[in-house]
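Subject: Structure for your review

Dear colleague,

Please find below the structure that I am handing over to you. My notes on what was found in it follow.

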Amino acid sequence: MYTILDVLGEQPEAVEADLAHHYPGYGPGGPLAAYWRGEITLRWLRVMVEGLPPTGATARAHNGHAWQPLDYAAADSRDLLALLFTAFTNAHRKEGTQAMPWPEPGWRPGDPTPEESEQRTTRDRAQARAAYEHITAQVLPGKG
């Protein structure tokens, strides 16, 4: 048996905004208000929530971003074109000239930000330096 909290889920404000936007015929407050007024059942409200589009506020709140499948496809296409361009340019460069470096893939939701990447790199270098010093202190005379 469902409760209203089960139907609204973890993002109740986003669900409410989507319901009001996608089902405007229920008057002020949308379907959620209609449920509380006793005009629709909890089952019908659940059906409406489950039928919300993947482009709405609920999906954005759940995913943490607004990217859609076409956005990912466009990013993949851009990355592939950059790789093809680089490969073509390197294959047809003049003898003795330096090759073009391979491009980095574009950012996607869930990827670390440049600041997070820099912090991770700094932390990894510090750990590597500490491990190196620990090993050299054990094997080199006069270090330990």
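A pocket, in these notes, is found on a 1 Å grid over the protein atoms alone: a pocket is an open set of points with protein on both sides within 12 Å along at least five of seven lines, whereas a cavity is a set of points where a 1.4 Å probe fits but cannot get out. Residues with an atom within 4 Å of a point count as lining. Grid points are joined across faces, edges and corners, and a volume is the space filled by probe spheres set on the points. Rolling a probe the size of a water molecule over the atoms shows where empty space is left.

By this method, the largest pocket has a volume of about 180 Å³. Its lining is made of 13 residues, and Glu10, Gln11, Val15, Thr58 and His62 are those nearest the centre. Two or more lining residues come from each of α1, α2 and α5 (57-63), and α5 gives the most, with three residues. By class, the lining has seven nonpolar, four polar and two charged residues. Here Ala, Val, Leu, Ile, Met, Phe, Trp, Tyr, Cys and Pro count as nonpolar, Asp, Glu, Lys and Arg as charged, and the others, Gly among them, as polar.

Please note that this is a predicted model, in which local features need pLDDT of at least 70 and side-chain atom pairs count only at pLDDT 80 or more, while totals for chains, interfaces and linings use all residues. Residues are numbered from 1 along each chain as its sequence is written, and side-chain values use heavy atoms, with hydrogens and water left out.

As to the overall build, the protein has seven helices and zero strands; both are DSSP runs numbered from the N terminus (helices H or I, at least four residues; strands E, at least two). The radius of gyration, taken over C-alpha atoms, is 27 Å, whereas a compact globule of 144 residues would be near 15 Å. That globule rule is 2.2 Å times the number of residues to the power 0.38. The C-alpha trace spans about 80 × 55 × 25 Å along its principal axes. Of the 144 residues, 22% count as buried; buried means under 20% relative accessible area, exposed over 50%, and partly exposed in between (1.4 Å probe, protein chains only).

Two helices deserve a separate description. In α4 (residues 42-50), the buried residues are Leu42, Leu45, Arg46, Met48 and Val49. Seen down the axis of α4, these fall within an arc of 160°, so they line one face of the helix; the arc is that of the directions from the helix axis to the C-beta atoms. Arg43 and Glu50 are exposed on the face turned away from the buried side of α4. The cover over the buried residues of α4 includes α1 (4-8), α2 (12-22) and α3 (30-36), where contact means heavy atoms within 4.5 Å.

In α2, Ala14, Val15, Asp18 and Leu19 are buried. Their arc, seen down the axis of α2, is within 135°, so these residues also line one face of their helix. The face of α2 turned away from the buried side carries the exposed residues Glu13 and His21. The buried residues of α2 pack against α1, α3, α4 and α5.

Finally, Glu104 lies in the loop between α6 (69-91) and α7 (114-139). Glu104 is exposed, with a relative accessible area of 64%. Thr113 is also found in the loop between α6 and α7, but Thr113 is partly exposed, at 29%.

Yours sincerely
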